Amino acid sequence: MNHRKELDRHPRMAIFSHPNVKLRSSQYESEESQFHNDYAREEEAMRKVLGLLFIVAILVSLVPLSTAIADGPERLGDMSPVPTPVAGGPQALTFTDDVKTALGLSSGAVSSLSFGTSDPDCYNVMSSSIAGFPTQGSSFLAMGTGLTSSITLANTSGSTSYQCAGLNNSQGNDMVQMNIVLNVPSGANFLKFDWKFFSEEFPEFVGTSFNDAFLVETPNSTFTISGNTITAPKNIAFDSAGNLITVNSTGVYGMNAGNASGTTYDGASTTFATTYSFSPGTAQVNLTFSVMDLGDSIYDTMIFLDNLSFGTSDASATATPKPPVTLPVPGVSAGGMGIMALLLAGVAYLAIRRKSTRTQ
Ligand SMILES: [Ca+2]
Ligand SMILES: [Ca+2]
Ligand SMILES: [Ca+2]
């Protein structure tokens with residue numbers, strides 16, 4: 001055959017004109033076409049997955065941060081009905097004297113005592129024996145972010161709540177505040193008082209933004225709130241770990257259900273005695289006691305106060321204010337998860353593009 005001659009004339013074309021070569025060439029074209037089709041399908045499927053991932057990431061990013069912080073059960077307080085005024089309650093003319101007696105103070109020991117614009121339904125003198133109080137005499141003072149008339153209700157609700165009228169903190173949530181100016185007896189160099197912290201926030205909202213708090217500041221109140229963190233350089237009352245007394249710190253360091261037995265609250269601290277020392281010869285001590293809701297005004301927190309007294313001692317009775325401890329909110333926010341998903345989707349997309357470029 002003259003194939004050799006033809007090859008000499010058109011060396012490149014001749015190969016493809018050979019019958020065997022033609023057969024193999026058409027098989028190759030068919031396989032190549034199949035490969036391209038498969039690849040196109042794979043790429044299309046991957047594009048769809050990535051598109052879906054982007055949409056999910058964007059939607060998750062749009063979830064407000066607050067819902068992420070409020071992790072745990074749904075936040076619906078069991079709202080207490082608004083009470084009708086009771087004769088002899090905080091509105092009575094003798095109330096200030098009742099508070100002094102309840103705290104164990106003589107009339108002459110108090111220069112002034114005021115609850116400002118705090119809701120009178122959210123503080124009161126208690127004259128019965130409840131959860132280890134009174135620690136002095138036959139009565140004590142209760143002040144909190146819910147009704148004092150709820151204190152001895154059976155604990156049938158995990159979210160007893162009341163929105164107190166009047167005074168609020170800088171976040172617009174419930175606050176009850178007592179300012180008391182004490183005349184220091186001659187020779188005294190310290191004062192002390194007993195307190196106990198109760199809360200419905202315990203245990204389900206420990207570690208969240210609903211960080212209800214109790215502060216005692218002297219000589220004036222200067223605390224500030226940022227998110228769920230309180231900064232109170234003038235505070236003198238701390239829990240056993242030296243932290244500010246809040247649901248997050250006290251919850252972690254010693255609140256339990258047993259301590260709240262006999263009350264409507266789900267948890268309480270033990271009874272603490274705070275001692276505050278000052279220089280001998282100090283004429284007056286100005287104390288501001290504050291109890292407040294943080295995050296919102298539901299899930300009541302209550303403080304029992306008693307046995308506010310002076311003493312004289314050597315330097316051993318000291319209470320050195322410690323810096324506030326910031327506890328992180330646990331868990332990753334929805335916004336953070338959305339950003340993570342976007343980043344992962346971006347990395348996956350780049351990897352696919354690189355693979356696609358190499359194959360072409
Ligand atoms: Ca309860
Ligand atoms: Ca409240
Ligand atoms: Ca609360």
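Reader: How many residues of strand S8 are buried?
Author: In this predicted model, five of the five residues of S8, which spans residues 213–217, are buried, so the strand is largely enclosed by the rest of the structure.

Reader: Which residues cover each face of S8?
Author: Ala-213, Leu-215 and Glu-217 lie on one side, with Phe-214 and Val-216 on the other, and all are buried.

Reader: How many bridges join S8 to S14, and how many to S11?
Author: Five bridges join S8 to S14, residues 284–292, and two join S8 to S11. Both pairings are antiparallel. Ala-213 has Met-292 as its bridge partner in S14, while Phe-214 has Ile-245 in S11.

Reader: What is the strand order in the sheet?
Author: The sheet is open and has five strands in the order S2-S6-S14-S8-S11, with antiparallel pairing. Strand S2 (110–114) and strand S11 (245–246) each have a single partner strand, so each stands at an edge with one side lacking a neighbour in the sheet.

Reader: Which residue stands opposite Ser-114 in S6?
Author: Asn-179 does. S2 and S6, the latter covering residues 175–183, run antiparallel and are joined by four bridges.

Reader: Changing topic: what is the secondary structure of the protein chain?
Author: The protein chain has seven helices and 15 strands. Of its 360 residues, 32% are buried.

Reader: And what share of the contacts with a separation of 6 or more comes from residues 24 or more positions apart?
Author: Such residues account for 77% of those contacts in the protein chain.

Definitions and conventions:
Residues numbered from 1 in each chain as written. Chains lettered and ligands numbered in written order. Predicted model: local features only at pLDDT ≥ 70, side-chain atom pairs only at ≥ 80, totals over all residues. Pairing = 2+ DSSP bridges. Buried ≥ 20, exposed ≤ 12 C-beta atoms within 10 Å, placed from the backbone. Contact = placed C-beta atoms within 7 Å.
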